[in-house]
Amino acid sequence: MIKVVKKNEASALQANLLRIGSCLAALLAAAMLMSLLGYNPLVVYSEIFKGATGTLYRFQETVNKAIPLVILSLGISVSERMKFSNIGAEGQFYVGALAATFLAFNLPENIPAVVMLPLMMTAAVVAGGLWCLFPAMLKVRFGTSETLVTLMMNYIAIKWVSYLQYGPWKDPKAYGFPKMPKFTENEIIPKVLGIHAGWIIALVLVVLVYLLISKSKLGYEISVLGENEQTAKYVGMNTTKILLIAVLISGGLCGAAGMIQSSAIEKSLTDSMSGGLGFTAIITAWLARLSAPAILVVSFLFAMLLQGSSYLQTALQIPAAAAELLQGIILFFVLASEFFTQYKFVVKKSSKGKGAAV
Amino acid sequence: MVKKALALLLAAGMAFATVGCGGSAPAEEAAPAETPAAEASAGIPKEDIKVGFLYVGPIGDEGYSYAHNQGRLQLEEELGVETVYVENVPESADCEKVIRDLIDQGCNVIYATSFGHGEWAYNVAQEFPDVYFGHGTGYLQGDNFSNYMGRVYEARYLAGIAAGMKSAEGKIGYVAAMPIPEVIRGLNAFTLGVRSVNPEATVEVKWTNSWYDPTMEKAAAVELLNNGCDVIAQHCDSTGPQIAAQEKGVFAVGYNAPTYNAAPNAYLTAPLFHWGEFYVSDVQSIIDGTWQSQSYWTGLATGMVSLDELSANCAEGTAEAVDAARQQIIDGSLFVFTGPLKDNTGAERVAEGVQMTDAEMLSMDWLVEGVIGTVG
């Protein structure tokens, strides 16, 4: 009989070896799949790398993909620090974008970008924060599961965007095609060094979140609350207040990511613009073990995988589904390694005699 | 921990769930940009040409993207040029990225095949004046940017004849994607075809707001069947409506590609595209250095569209009626949108004897008499 048993604390070295091992195992398993499909795995891997960094353009595209991942992961990490499972990053992303778009469509066009963009950003942060605050209040008041409520609120947010896109906010000049009008110049985040300025915001946020968690009193309180709520209460912390402030920050960051994506990339709002980023960011946040600097690295690596495999599709004419399969395998192994840093399988001998075993 | 692991698992699952997004679309307003943009190009030698195709769905959709891919294969076979394609390209900013990726990888001819790709492709085209662009079903035009479409409404009129002759109840259902002029035009042409042989018949429309969504398309068809329809037609990219018809023991008209095998007991026929006709001539003109920006819109006469072979499920006499109408359309004696035409609120839209112009057809936003439903 095989049992899953919690391990003694794995040393940092052990844990890291395990992670590296699982990455190698992932590459090996994916290589077998590629060979079965008739592709040379070495070519596939080198093409992924080339596709993500081979030219300046591809590098810029990789950064474009990394920006929302970094910011969303940061947002998720703040609430996860206190064991508040925010599965609602996707929804907060959309309401953030929605609030920014509302201002973009309703404020006069002659407002300069230096005023317009901060206004849109503020609206997005507030909207995203409130979207995350609501499940937190339900949790505090009624003890509801934040995992479920934040998850469900994603769909409410997305359906709102769909409703507006197919209805009231539909571009009247689009011949009935369900899309919203484009933003005007003053509503679009400008480029710096060839990439939209969201990369600067992302870097600044990495530093700010790092300082918040590691150096500030609130960050300390969040961590204590996450480790043990009773302890936090015992030492006299106002746990409700800490929780609510932290989820406001968490949702606000996700909302900011939505505003950046809609303004800089989509230049409008659509109900498909996230492409599941809010969920991918949960993975990157966890792989980075909720550490802000690690989030930057992991998100970039993940963006390389995304950009590289989209390149793969055209470079080798690998079907879209196969490229996604590759990503899935790599993720599966890497996530599994996290499990094995904490648990192990043990084979238990049956204690009963032969007669009892039927 | 368990909760976290669960959540993570859930999240990972969702991350890979794809967003159904769909496929074909209209042509538009040929009028304003049409003439002066035409500018002969220097051309590209055949061996240096690399053509990139953007499909809105998977090539295995048995519909719109499949039909474009057939065109791509024809292009490879007839001209021997290099081609690449990307499936599932959304009609959002991702589309612009895919085009830039393709150009980055050396493509110098780009065909964006879905209506919603248009603006994104147009933006990129202005940045890359040396790359040739074609936008399927669109209306935008520029120095290096053509649009192309088939007059599939002609084939839809013929399909309407087959459906009208088959429907005993005189109630036909129509699963439609987006309420844009192309789809409305097709629905109207189909209805006119139906009523040319079955004057009291109605065509009830349901919108899916997606080009390719097998589940929703089938569900819409089931709803129509439950309302008593005994023939289902479609302007969407999956075979879901045809399968629904077969399950109910009634009949269906497909779209884009011959899909008899998907529902052999239900399938009557389907309006088909032959995109290769355009792709071959367009790329040939690039090789020859005679390429000009254009609004390409041809129909039955050039072979750009056709009606699939009629199946044995069709009513007796269908072949004769369809052949006669096809001949008249090709020789010009029958024009689908000729007055008097009323919309389905009873208001007159086209006066007796008047033919609609291309510009009017390309911006059609009303439903002809006989259609049950509204735009959108």
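Visitor: What makes E1(B), helix H2 (residues 64-79) of chain B and E2(B) a right-handed β-α-β unit?

Guide: In this predicted model, the three elements make a β-α-β unit. The term right-handed applies because, with the strands pointing away from the viewer, the path from the first strand over the helix to the second runs clockwise; the unit of E1(B), H2(B) and E2(B) is right-handed in this sense.

Visitor: How do you know that strand E1 (residues 50-54) and strand E2 (residues 82-86) of chain B pair?

Guide: Pairing requires at least two bridges. E1(B) and E2(B) have 5 bridges, in the parallel sense, and therefore meet the criterion. Within E2(B), Thr83(B) stands opposite Val51(B).

Visitor: Why are E2 and strand E12 (295-298) of chain B said to stand at the edges?

Guide: The open sheet of chain B has 6 strands in the order E2-E1-E3-E4-E5-E12, with parallel pairing. E2(B) and E12(B) each have a single partner strand, so one side of each lacks a neighbour in the sheet. Neighbouring strands here are turned by 20° against each other on average, direction ignored.

Visitor: What makes residues of chain B count as in contact with chain A?

Guide: A contact requires C-beta atoms, placed from the backbone, within 7 Å. In chain B, 38 residues are in contact with 37 residues of chain A. H1(B) gives the most to this side of chain B, with 9 residues. By class, the side has 21 nonpolar, 7 polar and 10 charged residues.

Notes
Residues numbered from 1 in each chain as written. Chains lettered and ligands numbered in written order. Predicted model: local features only at pLDDT ≥ 70, side-chain atom pairs only at ≥ 80, totals over all residues. Helix = DSSP H or I, 4+ residues; strand = E, 2+ residues; numbered from the N terminus. Contact = placed C-beta atoms within 7 Å. Nonpolar A, V, L, I, M, F, W, Y, C, P; charged D, E, K, R; others polar. Axes fitted to C-alpha atoms, helices over the stretch in contact; angles between N-to-C directions.
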